[in-house]
Every structure is written in C-alpha cells, then in structure tokens.
Amino acid sequence: MKKRFIGIAISAAATTSFYALTLGVGLTPTVAHADSYIDMLNQMGGNPAEFNVSAGEKLFKEKRGPNHKSLETCDFGLGPGVLKGAYAQLPRYFADTGKVQDVESRLVTCMETIQGFSKEQIEKDVLKDPFAKNGGNATDIVNLAAYVAHQSDGMPMEVPQNTPQEKLSFENGKKFFWYRAGPYNFSCATCHAENDKQIKISKLPNLSTPDGEKAWVAATWPAYPDSQGVVRTLEWRMNDCMRQQRIAEPKYLSQVVIDLETYMGVMAKGHKILTPSFKR
Amino acid sequence: MKRIALFSAMALSIGLMGCASNGGGMASAGEDGSTYMTKSFKEVIATSFQAKGSAGLDRLVQTEAQHECSKYDYLGKPLPKDIAARIEKDHYSKVVYPADGQYFGDWKAGLKIAEDGKGMTWNDKPGTPNGGNCINCHQMIPNNPSQGNLGPSLIGYGKTRGNSEQIVKYTWARIYDSTSFNACSQMPPLGASHALTQQQMKDIMALLFDPNSPVNK
Amino acid sequence: MAYPMRMRANIEGDAVVVRVLMTHPEETGLLKDKEGKIIPAHFIQTVTCKNNDKTVLTCDWGTAISKNPFLEFRFKGGKSGDKVTVSWIDNKGDTSTADTTVS
C-alpha cells in the first residue's frame, strides 16, 4: 500500500536538528472541534496555502485597474477597510448592491467600483476561468479570497440573519439543499443529511442541522485539499459537488451558491473558523 | 448594547424561520399552495446555472417524484401515502426487463462496474460506458473498508435470498429504478436514467447472485 | 522542463523557519495510464538546503512523497539577511534550485 506524505523530510544526513512539527505560525488553529483529523493535520504545520495568503495580501494592497487604486478601502460588511472578522459574517446583505454576497462576489464589486475594472474585463479575467487545474496555481480571485478569509481565522462563524434578504438567502439555500434533480435524483441532502454516513471511505458531514456531525466544516474553507494540490474556496466546492450531483454547472458567484453558503454558514454558527485549512 | 441588538435579531429571525417552514411567515405562497416553489426560489434556479458537457439545463427541471420528495423534505413532513403510492406504481410500471429473459452476466465485469463511479457528469464523455456507483453507497465485498454506507449492506446478497424468479425480478427492478418501491429512495435509477446498459445490469446481477462472486463468499 | 519553487524564510523565535513549495509530478512508477502502460517513476531523490554556504539539511526522498511537495523546516544559527538555498535532483537527473533572503 502506497504511503503518501506531504513533503515531510526524511533526512538521513541532517546536519542540524530540525523539528518539522510547528503550530503553523499565523494560522492559530484554536478550534472548537478538537481531536478531528482536520485538527491533527493542521497542527502538524506546513500548509502550502500560506503562499496564497501572502500572494493575496500583495494583490489586495497593490494599486491596480483604471483607477490605480488598491482594495484596501473595500467594504466587506464591517465598514471600508475593516478585514478582521469580516469573512466570519459572509455571506451578508449589502445595501450598495442590493444583494447578498459572499467574499469573492464582494471582491469583484470592489474591483469594479474602487479599481474601475469594467464588467467585460471582469468577465474575461475573473469570471470565465476562476478555478485552477488540479495541481496548478490559484487564480488571483482565489488568492485574494484566501487573504481576506484568513483575517477571520480563529473567530466564530456569525453569518448574519438580520435583513429580509439574508433570511431569504437562508431559506432558498435550504430549499436547494433538499432539491432533487438530474438523472440520479441527487440533492445535497442525499449525502449530507445524516450522521455516520460515508461515501466509499470518505466520511460525509451532516449539513442539515446545527447539531449535525461535522456541520462545522463550512468554517474550514477556503482550504488546501491535498487531493486538489491548490487552494479552493466554497464556490469551487459547490461547483464540484454539483458536478457529482449530475446537474448543470452553477455559474461562478451565482445566487444558488451564495444561498447555499448562507445556509451552511448559519448551520455552522459559533464554530471557530480555521482557514486556510489543510485537508485531504 | 450591540450584543442585545444582535440577540434580539437572532431571536426574531429564528421565530420567522419557524413560521416560514410551517406555511406562514415571510415567504409568499407558491403556486402549489405551500411555501416551497416561491417566485424567488424559482428565479434562483432559473438564473444560477449554465449547461456544460452533457449536463443541460433540463437537468434542473424536476420530475414529479423529485418535486414531491423535495417539497416534503424541505417542509419537514412525511410524503403523504397516497402520493407515494401513485409515484411508486407509476415508476414500477415503467421498469424494462431483459427481452431474452436472461438476468445474469459476468460477475467479474460486474465487480468493475460496481467499483466505477464514472458517468453522466459534465466531465464524463457521452458515449463511453458508465459505472454503477455501487460501492459508493453499498458494502458488497467482505473485509473492505472503502465502501459506503448510504445504502444497506449487500454482503451475502444472493446467498441469503436465493435466486427465485421473484427475487431476481425484484432485484432487477431495484437496480432499474428504486423509486418503484420507495417514492423518495436515495438510490439513483441506473436503468431508467440509461446510465447502465442492460448488459451492465446483468453483470451486476451476477455479482449479486453468483455463488462464486466475492459478494457471496 | 521547468520546476518553479516558491520559498520563504523567516526568523521565528531563535530559529529560521524555511517553507518551500516545489513543483514535481512525483510519479511512483506504480500507476498506469489510460492505455494500461506503466507511467515511469519520476521523483525527487535528494534535496539540499543551505544557509549561505553551509548545508543545514539534506533529504533522501523516495516515491512516498506526494505531488508538488511542500517542505517546512527550521534551523538555528541563521540570521536576517542570510541567503537560504534549496536545490533538488530527481531520479532522471532533472534539477531545480531556488533561494531567498531570511527576512
């Protein structure tokens, strides 16, 4: 049986003692869901996604676009330029766009309104091909999202349910969660509505109730899944789920994905965020 | 002050959420009289998807069984018995049995099909053989932890049931379309969806019934 | 073939922590392609890490290392401004090297 490690050095001639186990400086994995395999993986230290957070920070602070401005005045719901805790409260309703938006959608809004990128340019450079190939380099929007999300690492998930739009987003997300469709009759609930279930060897989180087994997984995205070899966000995760559900492809930043994020986020309420997490 | 406001908002929203689920509250009634297929939900579905590969937008259009099961799942109520019975009868009447009356193929081929999860996604090339996805949800082979448990274990299937005509035809219909027996079955209709060919289904039948198959060892 | 590497080296406490993300297919030689032919083994064999001119870590790797390896290690005796270099050679003789300054 093959054993697969994540680049843990097996040295026969180390000239200095080295200690590869580290608490992943900057990631502070103080998670409420202790003793899970995700916690153990993330306590080992060494998460390639740290490069993505750095790349995202650089992009965020860089003056770009026709307006030659950075994204540092972007409002993610807590006021312009406030990043700490903002991801913990996404998706949320934004009065300036009149929509419930997730982190990637809000980044696009700021790229348009602050940096002056046109809709056509956004369509071509961001929306058309947002997901890197397996083992490839994460796209700019994903690096940006990883950076913004990481500013909420260690904080509890608090997806708001205050405005009518936020509540509607939750209800529509819940409706779609149970929506059977396609040639296999699959809904999200087919796999994600019971405890103690697994598909082949993969344990399935129960996302249908706040007490569901591993309902907190929503708090572990964006993530670096080893099997993907590149940072992924919940937008990607929904896309890949719907592919396996055998339905049509959700558009990037579509309402159905944002509504599902609201639903999952509310179900994970109070759980400490761990992002970017390292996963299988 | 902020904390109190947040708490009130949460309490208010929990109250409203409860109302919506029971048929009253903030969402307007849909055309079927329930709060399920509202205008806004239909719009979410209509605007959120694009066709890709073999997965067209028609895949978001629900069948009657899909719609009824989704609706009652969302409402948190059991599917009414009369609706369930009607759906099951309808699907059972559409099961296609092998014209040559032969139900068993090659269990070795069946094992490959059972372990293969390919087919019908927008990544899968149409025209290439699909897998049965069986091991994803069912344990079939003793001493193998890499098998799912979304469906019941099938270990020892043929050994424990024998191979009377009745059980053979029942098993075939189960693989063809489990909705025939359980209106809200979670098992995909591998025959009715044309995911599997008749030959592939026969190979799976052999995997389940052949005494030499690992399922029955 | 290009094998880019991304590296960082920071002081953390009394040690220098080095993080490097390598690009490499890391083929075990056990998998088959669509036609059923074995994909030949192609994997990093030796990794050498230096601080200025002093070797601080050598690794002997085999086929158990996964694709695009991420290596993180720490050593004492380095300081800000030092040049850290990571080089590797694989079983086919391909090589790659990258360096960074300890921040």
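Select chains A and B together: 47 residues of chain B are in contact with 39 residues of chain A, where contact requires C-beta atoms, placed from the backbone, within 7 Å. This is a predicted model, in which local features need pLDDT of at least 70, side-chain atom pairs count only at pLDDT 80 or more, and totals for chains, interfaces and linings use all residues. Residues are numbered from 1 along each chain as its sequence is written, while chains are lettered from A in the order in which they are written.

Next, colour helix 2 (39–48) of chain B. Helix 2 gives the most to the side of chain B that touches chain A, with 6 residues; helices (H or I, at least four residues) and strands (E, at least two) are DSSP runs, numbered from the N terminus. That side of chain B divides into 26 nonpolar, 18 polar and 3 charged residues.

Now select strand 6 (residues 249–250) of chain A and strand 1 of chain B, which pair in the antiparallel sense over 2 bridges; pairing requires at least two DSSP bridges. Here Pro250(A) stands opposite Phe49(B).

Finally, display helix 8 (residues 165–176) and helix 9 (residues 198–209) of chain B, whose axes come within 11 Å and cross at roughly 125°. Axes are lines fitted to C-alpha atoms, for helices over the stretch in contact, with angles from 0 to 180 degrees between N-to-C directions. Show the side chains of Thr171(B), Trp172(B) and Ile175(B) in helix 8, which meet Met201(B), Ile204(B), Met205(B) and Leu208(B) in helix 9.

Notes: Two residues are in contact if their C-beta atoms, placed from the backbone, lie within 7 Å. Ala, Val, Leu, Ile, Met, Phe, Trp, Tyr, Cys and Pro count as nonpolar, Asp, Glu, Lys and Arg as charged, and the others, Gly among them, as polar.
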